[in-house]
Amino acid sequence: MRESDLVGLGAPVLRLENVSAGYPGGPDVLSEASLSAYRGLVSCVVGVSGSGKTTLIHVARLALSVRSGFAQVLGADVSALTRNDRAALKRRIGYIAQEPVFIDNLTLFENVAAPLEAAGVRRARYVDDVMDLLNYVGLGAFAQAKPAALSTGQRRRAAIARALASKPELILADEPTAGLSPNAAHRMLRLLTELRQVGAAILITTPNEDLAQKAAEACWILVDGRLNRVALEVDR
């Protein structure tokens with residue numbers, strides 16, 4: 001998708017302009033990075049290990065502050081957020097980590113429902129929705145299983161279900177196909193790209209440019225903390 005095709009999509013859900021960011025006491029990991037992600041579209045950032053992909057995701061999910069530049073998430077200038085504003089905004093973001101963390105003594109159903117429990121939603125209101133999510137990612141039969149019983153691919157699919165529980169407007173997936181078999185990676189990619197249907201903006205990081213070409217409407221290459229927009233082989 002060309003820049004001109006983005007006209008008419010409305011304001012971006014995620015907008016970074018010349019953003020530099022790093023961890024306390026360390027150098028910049030991102031350097032003057034710019035990108036925009038829009039509702040209903042899949043965007044990919046491609047980069048090798050250590051290029052800054054996870055740092056970019058942490059900035060987008062409000063877990064890491066920017067050192068310079070402008071960052072806007074869901075219409076809010078992140079530099080102006082209060083602690084309460086930041087917490088409220090995070091509830092509108094779905095995050096899928098490369099190595100998802102679950103509460104080991106809870107069932108898969110309870111783990112997926114955890115964001116709803118934290119938000120004070122009554123169980124009777126979310127039981128059907130959570131089961132629908134587990135069935136959507138192919139894990140309905142594991143609803144009462146503990147996380148330790150799941151494979152790597154199943155844990156990532158469970159993380160998708162959990163990320164979707166609160167009906168997010170921005171979905172961030174950090175190397176979701178890493179370490180998966182080709183079949184499991186294909187299934188993971190299909191699940192993520194189908195999320196266009198819920199109207200969220202989707203940002204995926206990956207070291208695999210072929211994956212990005214298959215999945216995304218917009219793509220950037222991240223090299224040494226700097227983002228460069230790249231053309232896709234097939235116009236969407």
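In this predicted model, E32 has a relative accessible area of 49% and is therefore partly exposed. Its salt-bridge partner is R226, and the closest N and O atoms of the two are 3.7 Å apart. Because E32 belongs to strand β2 (residues 28-37) and R226 to strand β10 (residues 226-230), the pair ties together parts that are 194 residues apart in sequence. R226, at 43% relative accessibility, also counts as partly exposed.

By the rule applied here, which asks for a side-chain nitrogen of Lys or Arg within 4 Å of a carboxyl oxygen of Asp or Glu, the count comes to nine salt bridges. The table lists three of them, among them the pair already described.

| Salt bridge | Closest N to O distance |
|---|---|
| E32 and R226 | 3.7 Å |
| R92 and E169 | 2.7 Å |

The salt bridge between R92 and E169 links distant parts of the chain, since R92 sits in the loop between α2 (83-90) and β6 (93-96), while E169 sits in the loop between α5 (152-164) and β7 (170-174), 77 residues apart. R92 is partly exposed, with a relative accessible area of 32%, and R39, R92 and E169 are linked in a network of salt bridges.

K167 counts as exposed at 62% relative accessibility, whereas D129, at 35%, counts as partly exposed.

Technical notes
Residues are numbered from 1 along each chain as its sequence is written. This is a predicted model: local features need pLDDT of at least 70, side-chain atom pairs count only at pLDDT 80 or more; totals for chains, interfaces and linings use all residues. Side-chain values use heavy atoms; hydrogens and water are left out. Helices (H or I, at least four residues) and strands (E, at least two) are DSSP runs, numbered from the N terminus. Buried means under 20% relative accessible area, exposed over 50%, partly exposed in between (1.4 Å probe, protein chains only).
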